[in-house]
Structure formats: structure tokens, C-alpha cells
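Try each one with the viewer open before you read the solution.

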Amino acid sequence: MIAIHNLTKIYTGNTVLNIDRLDIHKGESFGLVGNNGAGKTTLFSALLDLIQPTSGYIENKGIKVNENEEWKSITSAFIDETFLIGYLTAEEYFYFIGELRGQNKSDVDALLSQFEDFFHGEILGQKKYLRDLSKGNQKKAGIVAALIGNPEVIVLDEPFANLDPTTQIRLKKIIKELSADPEITVLVSSHDLIHVTEVCDRIVVLDKGEVIKDIARSEETLKELEEHFNK
Amino acid sequence: MVTHFITLQWKSFWRSASMGSGLFMKLFMGFWALWFIVMMGSGGVGAFFLIKEKLNMDPLVVVNELMVYWIVIDLIFRYALQKMPVINIKPLLILPFNKRKIVSFAFGKTIFSFFNIIHAFFFMPFSVVLIQHDYPIANVILWNIGLITLIYSSNFLNIILNKKYNLIFIIGGVLALCGGLQYFGYFDITKYTAPFFEGLYSIPFLVAIPIGILVFLVIVSFRSFVKDLYLDAGLATKAKNVETENLEWLDRFGKTATFLKNDIKLIKRNKRARSTVMVSVLFLFYGLLFFTGAVETYDGPVWRIFAAIFVTGGFLLSFGQFVPSWDSSYYPLMMSQNIRYKEYLSSKWWLMVIATLISTVLASGYLYYGWDVYLAIIVGAIYNIGVNSHVVLWAGAYVKTPIDLTSNKKAFGDKQAFNAKTLLLSLPKMALPMILYAIGHYAYSPYAGYAVVAVAGIAGFAFKNTVFNKIENIYRIEKYKTILAYKQKK
């Protein structure tokens, strides 16, 4: 589904990303872990064509992301608060994203009704603009917006950060359900090894922009990762 | 202690993200500041001789009579433009500082504000000339002290006004009432204020009044600031209850409606965007300067077109030049969605067209000055819709200044649009229609002039698609640079 070829990104002499070859298959749930500055967000930004790689390219469903924009209709993402429109209420924001992705209001409503649990009554009907919601609630809105319009590729950067424990557990359930669908490829990054090993089939460790571990999840994965980061 | 604050300020100034890119703007602002200083200085000297020799009056008396306007206008300018003394307070709150020290420093900073200093450049030279002409030194100095304290009273009054919403309406109302009564000749405020300013000069003890006012205002504003230094008080951002709006009636615009709905909410719900609407209302009245013959230099027929462009194009000019910067805070979202740039652009275009049409209708008040004047306005509107709407969007494509939607303090003097490309593109907005009119006017008749401009406007429609394609291309090519630039907050 996603193929990374000889990708490098260099900022003023600093190599922040250097990946020879990485293939993410359709239906996979892909976890990206690494310390601060490992290049997780940079990789996701390059995948969404928000930054220009120094060399190499990324293909999304066979489309080079920097040459053709067709991949956008099957891809959705929540990276950070720049994916939110602060002066809209949550409902307006969902409908706006829905319209951009060819969904009418009732489609969006149907989708939202599945997430009432996840919202915990703090998102819909709040009479508040998104910019006035707490960080955690903003994140909830952003994550659900990324699920609108039946995307085939879903990219979530640090989805667990800022969420309360209940919501974290519910989010894990949502991601697991998504990854059970063979049509949906989920890409998640996190600092939390336990969360990632729980929801992802495949985990890649980035360090200083390079892939240093690429493991399929097993009973041993968490231990292996903990040992790696405890060096 | 104070040196800590000063080093913090120093660093925040030099290390701000816009510092590197804003050098051109810094020079530009510096130039204007210098220009103001020179104008004020020469005004101070010039006013004395002008009044004395041309009008044969006592310069001090005349200046005292006009002083009340000076102070009111100063207060209005301050309210619109002067930034509040906010230092990065939150991180300091839990450090072992006395809160009064934090506030003192913030206030201390405003003392050196340009808005306070600039007055000295008028009054110093004026006073020097007074003394040279045998006005007693002691009285002139007293007069100066009185004025300085009044200027600083304005400074602190402005601080209070910025915090208390209802107060501005009271003061604004009083000012409007006095202004109105004065205009219609019922009541001349200067009759009562002139003796006061006169008194500052002639009666030694009267200076105690402005000093008393200043002390009072300092204490009030100081107390209210110290009291508000809590995260849930003065430092809190207020959230109002809001309703979800669907604006479904806009759906008739087809695919453009998606963006149009958003843009209308953008304008309604953000101070900074709302101020463009205010600007367009102000520009509506701009024509009075031209059509009433109030300013002599504007009497030439060519200036009519200039005025017409402004009267009908206030919104177009002030909103359009920041497309796509209005969407800067969520630009990555837009760029990762499958957006047709054309629909995005045409939403902004429709907004500008609608606003221009509304302005044109509202400007029908200019019919008072004759059909001829209103004809100029209609022609200006046609040109705005046909040509300027495209030019403005095109120029905006090069502007990469992120807009902080929630603030409106800098709506006038922002560092925005001033780069070489946009300056170049702003030329045809003003100059071209004036030249076109001049050609028609002087070659044949005024009506021919209008016809030429109107035809140019209608011809502009033909290029809509070409220009939109061009802009799309610019958006595409500059995409990465734009995203990066929008990330640099402040």
C-alpha cells in the first residue's frame, strides 16, 4: 500500500530521515516508535506531502505522493492541532471534513453515532469552538474527523498523548477494530510502548531517522522493545 | 530583578521567528517612524511661525484651543493600534517574584512606547521656539509638564479601556456626542478646554490636576492588573456559548458552498477577520474626502476613480490580500485533503464580489453629490470585480505571513503584505484604472473615461480562469514553503 524508496530528509546538514526501503502492506496496522527527534512526525509529514524529501519518494497505492494528488481521497490523517479549524464547533468541523470527502450530513451523523462512547459527551453539542476545548477533547475530535469518508489509509501521530485513561482504552479498541478490516491500513506513532504493542501488528523503531528494528508483534515484542530503549 | 525582565524582553525580540524574514518590514517601519518624527519636529517649529505670521494670532492660544482634539485623536489611535503591555507572564507566576514587580515592569515598558515619545517631537521644538520668543521659561516648562502628564494619562486610560469592554462604549459615546454637538454648532467644547490648557501655562498650581488624574489612573490600572494575575482571571481566554450553524441556504452555490460556509464563519467568529469588515465600512466614507472637495489635491477628475476603487473595494482589498493566509492556522489540514483549489479560490472570490456589490449599494448615498459621482463609483465597482478581485488574489498567493485569527491589535500595521512582489502587484490595483480613465477623459470626455475603465473591468472577467489557473500553480509550487512559513507563529 505504502512504499518508501531511498527517502532522506536533511535539514542544514542534519539527516533527520534516512530510509532505504520500507513497505507497508494493505490492511496492516503499523506502529512507529522512537525517542524524540527520531523522525516519526517527519516521516508522516512526508507521507502526507507536507514536507519535501531531500531525496527519494513515497508511493501511496502506487501513486507518488508529490506528483499526483489522487491519494488524498483515500488517505486521512490527524497529526496535530493544525488539522483542526479552531473557530468551528465540533459538529461544523465534522460536516466540513465530510463535505470535502464527499459525505453528506447523514453519512457523517451515522459515523459519529458510533463514537458516542469515545466522545464521552464532551464533544458534540458543546456550544464551544474547537479552540476552546481542552487538548484532550480537541484530539478526540481530530481523530474521529480522520475516520470520516471511508479512508483506506489512516495516519495518526501520537494519538494517545493527552488522552485520559478511559479514552485511551476506548481509542485502543477503535484502532483494533480498524486494523481488523483488511481494507484499512492504519499508521500510528507513539511514545508508549504498551499501547503500540497492543494495537499494532507490526512495529518499526526509528532512531535518528533510520529504521533500526522492524518486528512483527508477538508475545515477546514488548520485552524486546523495552530492552532496546533501556540500553 | 529588573535586569532579568529586560534580558527576557531582549531575547524574545531578537529570537522571534519573524525576526529573520521581517528585516525589510523593520526597515519599512523604521522609515515611517523617522518620517513621523521629522514631520512632528518640523510641525512643532512650523506651527509657531505659521500661526503667528499667517494668522496673526498667538500660537500658544491657538494650540491650546486645538489641544483637546489632539488628545482625543491620540486616544483613538492608541486604542486602535497600541499594543498592551503583555509580557510572557505565565511562566513568571510561580517564580519567586513579587506580582507587583511583574506589573510594574509591564507598565514601565509602555512608558517608552512610540505613542508616548512621539508627542515630545512636536512639543519640544514648539516650546523651544516659544522660549526664544520671550515666553517665560518657567511657564512653558509647567505647560509641558501638564501636557506630558496628560499624554501619560491617556496611556493608562487606554490600558484600562482595553480591559473593560463597557467603558469604551461610555467614553466612545461621550466623544461621539461632543463631536456631533460641535459639528452641528450647538456646543463648542474648546471654549471650556482652552482656558484649562491656558491655565496650565499661566496658573502654577493647576498642573496638580493632570498629575492627580495620572496618579489616579496609574493606581486603578495597576490594581486591576495585579488582581487579574491568575490563570482563571485576567490571563484566561474567555469562551462564550456558541451555536452550531449550518448555513444551508448557501448550498445553492454548489461545491463552492463548502468553503463559502466556512469563510463566512471565519469572518463572523474571528476578531481579526471581522476587522476587515470594519475597514470596508470606513473606506465607504473615504470618498467624502474626494467628492466634497474637502482636500484640494484630490479635486482632479482622475482622483474620482481612485476614490471609487476604495469606496467599493474596502473589503476586497483588505480581505483579498491575505488569501490564503486566513487559513494559515489549519493549512496542513487543507493541504492533506482532496481540495480543488478552484473551488477554494472561487469561494473567496464570491465573498469579495458580494461585498463589493453591497458596498456599491450602500454608497448610493453619494448620489447626493450628483449622478456623476455615483457613476464613478459604479465604474469603480465594475473594475474592482472584474480586475482587482483577481489581482488581489494573485498578490495574496505570495504572502506567507501566518495570521493569528484571534487578535485584532495589529490589523493596520501588520508586517504582512510588504514584500517586493506584492508592492509590484498593488500597482495595477490603483494606478491602472486611473491611467485608463485619464486616457478616456483627456482624449475625449469624462464619460469616455468611465467607459474605458468599465470595459477594462468587464474584460477582466474573461481572464478569470487563466488567473485562477495561475494562482493554483503558485499555490502548488510554493506549497512546502507556505506550510513552513505558517508554522512560524508570531
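**Exercise 1.** Among contacts in chain B between residues at least 6 apart in sequence, what percentage join residues at least 24 apart?

*Solution.* Keep in mind that this is a predicted model. Start with the make-up of the chain: chain B has 22 helices and zero strands. Next, look at burial: 31% of its 490 residues count as buried. Now for the contacts: of those in chain B between residues at least 6 apart in sequence, 79% join residues at least 24 apart.

**Exercise 2.** Work out how helix 8 and helix 10 of chain B are oriented towards each other.

*Solution.* First find the two helices in chain B: helix 8 covers residues 137-163 and helix 10 covers residues 190-202. Their axes are 6 Å apart, and the packing angle is about 130°. Because of that angle, helix 8 of chain B is oblique to helix 10 of chain B. Finally, check who meets whom: N139(B), L142(B), W143(B) and G146(B) from helix 8 meet L200(B), Y201(B) and S202(B) from helix 10. Sorted by class, this contact has four nonpolar residues, three polar ones and no charged ones.

**Exercise 3.** Find which helix of chain B gives the most to the side that touches chain A.

*Solution.* Begin with the head count: 25 residues of chain B are in contact with 26 residues of chain A. On the chain B side, helix 12 (256-269), helix 16 (331-335) and helix 22 (479-487) each supply at least two residues. Helix 12 of chain B gives the most, with five residues. To finish, sort that side of chain B by class: 12 nonpolar, nine polar and four charged residues.

Technical notes. Residues numbered from 1 in each chain as written. Chains lettered and ligands numbered in written order. Predicted model: local features only at pLDDT ≥ 70, side-chain atom pairs only at ≥ 80, totals over all residues. Helix = DSSP H or I, 4+ residues; strand = E, 2+ residues; numbered from the N terminus. Buried ≥ 20, exposed ≤ 12 C-beta atoms within 10 Å, placed from the backbone. Contact = placed C-beta atoms within 7 Å. Axes fitted to C-alpha atoms, helices over the stretch in contact; angles between N-to-C directions. Parallel < 35°, antiparallel > 145°, perpendicular 65-115°, else oblique. Nonpolar A, V, L, I, M, F, W, Y, C, P; charged D, E, K, R; others polar.
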